[in-house]
Amino acid sequence: MATATYPPPPPYYRLYKKYLEDPSSAPEPPPPIEGTYVLFGNTYTTDDVLPSLEEQGVRQLYPKGPNVDFKKELRSLNRELQLHLLELADILIERPSQYARRVEEISLIFKNLHHLLNSLRPHQARATLIHILELQIQRRKQAVEDIKRRREEAQRLLKEALGTLDSQ
């Protein structure tokens, strides 16, 4: 297959021929995709919803429902994970052939922990955005105060300069 060092532009460049003379002559950008779409043979969706553990074929170890106490459940799963890891170490020492079941249980606990943490991502993103916006407000207030201070200083210096000119 032969390739050119400098290939010709794509054919849709003609749509922008008169752009320098009339910027409004360029076509509008395509609308954002909504719903599902196919990319490289895989189907994707624009709906950003965290699938439940059951949809993923994983047993849920914490209570179902909207009123989950994340802190309590994460601590509980963490304690259970520590217990299973200690049991795995014990089994590896005494009965090495029976480790597979413990590894599957540990994997299930990790999947539940990850799902709980991923369900907190929107809250984390919101808190991060609030923090960034508060920092921006604080920086802008400081900049305004700095401008006011410099203006007052310039006015004071100007008055002093005018006062020395008047006295001469």
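This is a predicted model: local features need pLDDT of at least 70, side-chain atom pairs count only at pLDDT 80 or more; totals for chains, interfaces and linings use all residues.
Me: Which residue forms a salt bridge with Glu160?

Reply: A salt bridge needs a side-chain nitrogen of Lys or Arg within 4 Å of a carboxyl oxygen of Asp or Glu. The closest N and O atoms are 3.0 Å apart, and the partner is Arg156.

Me: How far apart are the end C-alpha atoms of residues 130-164?

Reply: An unreviewed UniProt entry annotates this stretch as "coiled-coil region". UniProt positions are given in the numbering used here, feature names are shortened, and annotations may be inferred rather than shown by experiment. Helices here are DSSP runs (H or I, at least four residues), as are strands (E, at least two), numbered from the N terminus. The stretch is 100% helix and 0% strand, with its end C-alpha atoms separated by 51 Å.

Me: How many salt bridges does the rule count, and which residues form the network?

Reply: The total is nine. One of the pairs is Glu94 with Arg95, at 3.4 Å from N to O; Arg95 is partly exposed, at 34%. The network itself links Glu87, Arg101, Arg102 and Glu105.

Me: How close do the N and O atoms come in the salt bridge of Glu105 with Arg101?

Reply: Both residues lie in helix α2, four residues apart, about one turn of the helix. Glu105 is partly exposed at 22%, while Arg101 counts as exposed at 52%. Their closest N and O atoms lie at 3.3 Å.

Me: With which side chain does the side chain of His84 make a polar contact?

Reply: A polar contact is a pair of N or O atoms within 3.5 Å; within protein, one must be able to donate a hydrogen and the other to accept it, and residues adjacent in sequence count only if both atoms are side-chain atoms. His84 lies in helix α1 (residues 70-94), and its side chain reaches the backbone oxygen of Glu80 at 2.9 Å. The side-chain partner, at 3.1 Å, is Glu105.

Me: Why does His84 count as buried?

Reply: Beyond four places in sequence, His84 touches Arg102, Glu105, Ile106 and Ile109 (contact means heavy atoms within 4.5 Å). Its C-alpha atom is 6.5 Å from that of Ile106, 22 residues away along the chain. His84 counts as buried because its relative accessibility is 10%.

Me: What does His115 contact, leaving aside neighbours within four places in sequence?

Reply: His115 is in helix α2 (residues 99-119). It counts as buried, at 12% relative accessibility. Its contacts are Leu50, Pro51, Ser52, Leu53, Gln56 and Tyr62.

Me: What is the phi of Phe40?

Reply: Phe40 sits in the loop between β1 and β2 (42-45). It counts as exposed, at 80% relative accessibility. The angle is positive although Phe40 is not glycine: phi is near 55°.

Me: Which residues make the nonpolar surface patch of about 620 Å²?

Reply: Patches take residues with over 30% relative accessible area and no salt bridge, joining like charges within 9 Å and nonpolar side chains (Val, Leu, Ile, Met, Phe, Trp, Tyr) within 5 Å. Areas come from the Shrake-Rupley method with a 1.4 Å probe; for residues, only the protein chains shown count as cover. One member, Leu15, lies in the segment before β1 (36-39). The patch is made by Tyr12, Leu15, Tyr16, Tyr19 and Leu20.

How values were computed
Residues are numbered from 1 along each chain as its sequence is written. Side-chain values use heavy atoms; hydrogens and water are left out. Buried means under 20% relative accessible area, exposed over 50%, partly exposed in between (1.4 Å probe, protein chains only).
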